[in-house]
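Dear colleague,

I am handing over a structure for you to study alongside the notes below. Please look through it first, and then read on for what was found.

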Amino acid sequence: VKFHAAVEHTIPAEKGSWQDLQGYPVLNLVGLVKIDWPCQSKEDPETGEMIPIPLFFGHVYAKMGLGPAEAPVKVDDAEGWVKYMCVGLKQWEIMLEVDELRTKFVSMDAVDIHVILTENNITGGWQQSGWDAWGDIRGQVAVHNQAKTKGLEIAGFFIFDTAVPFFDAGARVKLQLNEFSYIEIMARKTVGKCTHQGDYVKAKIELRQPGSWRLAAMAHGSRYCEAKNNSDQLRYNFTATLEDFMIAGGRFRVYDATAIV
């Protein structure tokens, strides 16, 4: 049994509108559905290997520009798909990508979610029969005022593989207090492997009043393995730096002071 269907719906932008000037349709939506039953595979003509054919495959793509010019909602190249294969071990694969999303106060960039669920038949030890999950999640989200002088930015990633098990997560958070001052924190945590990159937390701060005073400082702490996956060589490091401290219009100043532990 085969069922393949494609649907497209487009609402074009009006001539001279902000959508038209920036190359956005009001709405462009494309969908695709494929069903190939029963579970089967085909031969790769280049390698001769048997490749599973998805029993189900669904895909959707969207690009849109909504709202008035003073408060637009823009979505650029958003797409997602899901497929299910059942030759041998059953497997679900899910993907979502958003290149760009913009509203008056919120933005999202390079959002990428990819998850694979694979059936396993393992029993014994810590594992149980069921499903193993592998995935990679990345993206950046920002919330800001209209002038973009104040706001919060969050960027990060999360990689996981429950069959190992292994988890790796990292994030960067930046709080923009005003045009001249911000606080930024970066962190990374790995579970299941001991690497030279290691786990770390890094904080930066800059506060200043132009022509009057300035404070810029950084602190960094890490836990890492000198040799990959050798926990016997686990090391710790802490560094604090006063990059610049200036008051009284520059008449008193301390800079490049560093402490290492």
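**Salt bridges and one tryptophan**

D168 is buried, as its relative accessible area is 6%; buried means under 20% relative accessible area, exposed means over 50%, and partly exposed lies in between (1.4 Å probe, protein chains only). Strands are DSSP runs of E with at least two residues, numbered from the N terminus.

Please note that this is a predicted model, in which local features need pLDDT of at least 70 and side-chain atom pairs count only at pLDDT 80 or more, while totals for chains, interfaces and linings use all residues. Residues are numbered from 1 along each chain as its sequence is written, and side-chain values use heavy atoms, with hydrogens and water left out.

How many salt bridges are there by this rule? The count comes to 15. As background, side chains of opposite charge can pair when their charged atoms come close.

One of these salt bridges joins K2 and D36, whose closest N and O atoms are 2.7 Å apart. K2 lies in strand 1 (residues 2-11) and D36 in strand 2 (residues 27-36), so this pair ties together parts that are 34 residues apart in sequence. K2 counts as exposed at 63% relative accessibility, whereas D36 is buried at 6%.

A further salt bridge is formed by the side chains of R138 and D136, at 3.0 Å from N to O. R138 is partly exposed, with a relative accessible area of 38%, and D136 counts as buried at 19%.

Salt bridges also link E206, R208, R214, D244 and R253 in a network.

Leaving aside neighbours within four places in sequence, W213 is in contact (heavy atoms within 4.5 Å) with L207, R208, M246 and I247. W213 is placed in strand 14 (residues 213-225). Is W213 buried or partly exposed? W213 counts as partly exposed, because its relative accessibility is 36%. From C-alpha to C-alpha, W213 and E97 are 44 Å apart in space, and they are 116 residues apart in sequence.

Yours sincerely,
A colleague

Terms used
Helix = DSSP H or I, 4+ residues; strand = E, 2+ residues; numbered from the N terminus. Salt bridge = Lys/Arg side-chain N within 4 Å of Asp/Glu carboxyl O.
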